[in-house]
Amino acid sequence: MKRQATGRLADPLYLSAVLYWGLSRVFSLQVHKVLAVPLSADTRQRIELPPGYSFHAVRNIERLSALGPSIEEQLDEQSGLSCRAMLARGDRIYAIVESDRVACQVNIRRGPLTVDSPSDLAFDFRNGDLFLNYLHTREDYRGKGLATKLIRLACADAADQQAMRCFSHVRATNHASLAAFRRCGWEEVARILSTRSGRFIAAPGCAAAGMKVTKLSGAGSSA
């Protein structure tokens, strides 16, 4: 335990997360880091899953149905919207499955789209760009590197579909997710600032990165 704590203190990303946590508490300022990565299908060739695990790229209803009702129900549980509704609007769902359990899940969308975190905002992107809006690893599967593998596999599949780049936004205090993205080659390109109560403040760097951020009614000041 002591060695783990020492390792964290030597990790700049962890120290940064602690700093942002302090800012949120003292100044009620919430920061989301906007991350991006160029997409390449070559990454798939270097990824191996543990024995008994399988990768699934769900791009249509037929692929979803082939997974069976139990897997579909588990994917629905974590998505907010049903998988069938997401696929109908053009979303993509990716999962690593062990036997009949979803271990890790990623959802990717095309713009324009709306989000409710950190505030009610609309995002839009250049043609060929995507947005990874959901990443979840079930608690008993954490610490196995599955999130890193799934991010890479999902991005490789998106590259196969002629996508050029993928964005995501992660709370600056979420060290685990930021570390997973960093291991996959994602880089910080901008930030989104808001209050802890959800009032939008600004989105420095987003426009220059090719991501248009627009506040929705009641979200606070404009970008």
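This is a predicted model: local features need pLDDT of at least 70, side-chain atom pairs count only at pLDDT 80 or more; totals for chains, interfaces and linings use all residues.

Reader: Take Y53 and Y141. Why is their pair called edge-to-face or stacked, whichever it is?

Author: Two numbers settle that. The ring centres of Y53 and Y141 are 6.2 Å apart, and their planes stand at 85 degrees. Centres within 6.5 Å make a pair, and planes over 60 degrees apart count as edge-to-face, so edge-to-face is the label for Y53 and Y141.

Reader: What makes you say that this pair ties parts of the chain together?

Author: Look at where the two residues sit. Y53 belongs to strand β2, residues 53-58, while Y141 is in the loop between β7 and α6. Those parts are 88 residues apart in sequence, so the pair ties them together.

Reader: And are Y53 and Y141 buried or exposed?

Author: Y53 has 17% relative accessibility and Y141 has 4%. Buried means under 20%, so Y53 counts as buried, and so does Y141.

Reader: What kind of aromatic pair do F55 and Y94 form?

Author: A stacked one: the centres are 6.1 Å apart, with 5 degrees between the planes. The cut-off for stacked is under 30 degrees. This pair links distant parts of the chain too, with F55 in β2 and Y94 in β3, 39 residues apart.

Reader: Which residues form an aromatic cluster?

Author: F123, F125, F131 and F167 form one.

Reader: Now the sheet. In what order do its strands come?

Author: Eight strands make an open sheet, running β2-β3-β4-β7-β8-β1-β9-β10 with mixed pairing. At the edges are β2 and β10, since each of them pairs on one side only. Ignoring direction, neighbouring strands are turned by 25 degrees against each other on average.

Reader: How do you know that β2 and β3 pair?

Author: Six bridges join them, in the antiparallel sense, and at least two are needed for strands to pair. To see a bridge, find H56: its partner in β3 is A95.

Reader: What lies against the sheet?

Author: Helix α4, residues 69-79, lies across β3, β4 and β7, at about 55 degrees to β4. Helix α6 packs on the sheet as well, touching β1, β2, β3, β4 and β7, and its direction makes about 140 degrees with that of β3.

Reader: Last one: which residues lie nearest the centre of the largest pocket?

Author: S117, N133, Y134, L135 and H169, out of 24 lining residues. The space in that pocket is about 560 Å³. Strand β7 gives the most to the lining, with five residues. Among the other elements that each supply at least two are α4, β8 and α7.

Note on methods:
Residues are numbered from 1 along each chain as its sequence is written. Side-chain values use heavy atoms; hydrogens and water are left out. Rings of Phe, Tyr and Trp (its six-membered ring) pair if their centres lie within 6.5 Å; planes under 30 degrees apart count as stacked, over 60 as edge-to-face and the rest as tilted. Helices (H or I, at least four residues) and strands (E, at least two) are DSSP runs, numbered from the N terminus. Buried means under 20% relative accessible area, exposed over 50%, partly exposed in between (1.4 Å probe, protein chains only). Axes are lines fitted to C-alpha atoms, for helices over the stretch in contact, and angles run from 0 to 180 degrees between N-to-C directions. Contact means heavy atoms within 4.5 Å. On a 1 Å grid over the protein atoms alone, a cavity is a set of points where a 1.4 Å probe fits but cannot get out, and a pocket is an open set with protein on both sides within 12 Å along at least five of seven lines; lining residues have an atom within 4 Å of a point. Grid points are joined across faces, edges and corners, and a volume is the space filled by probe spheres set on the points.
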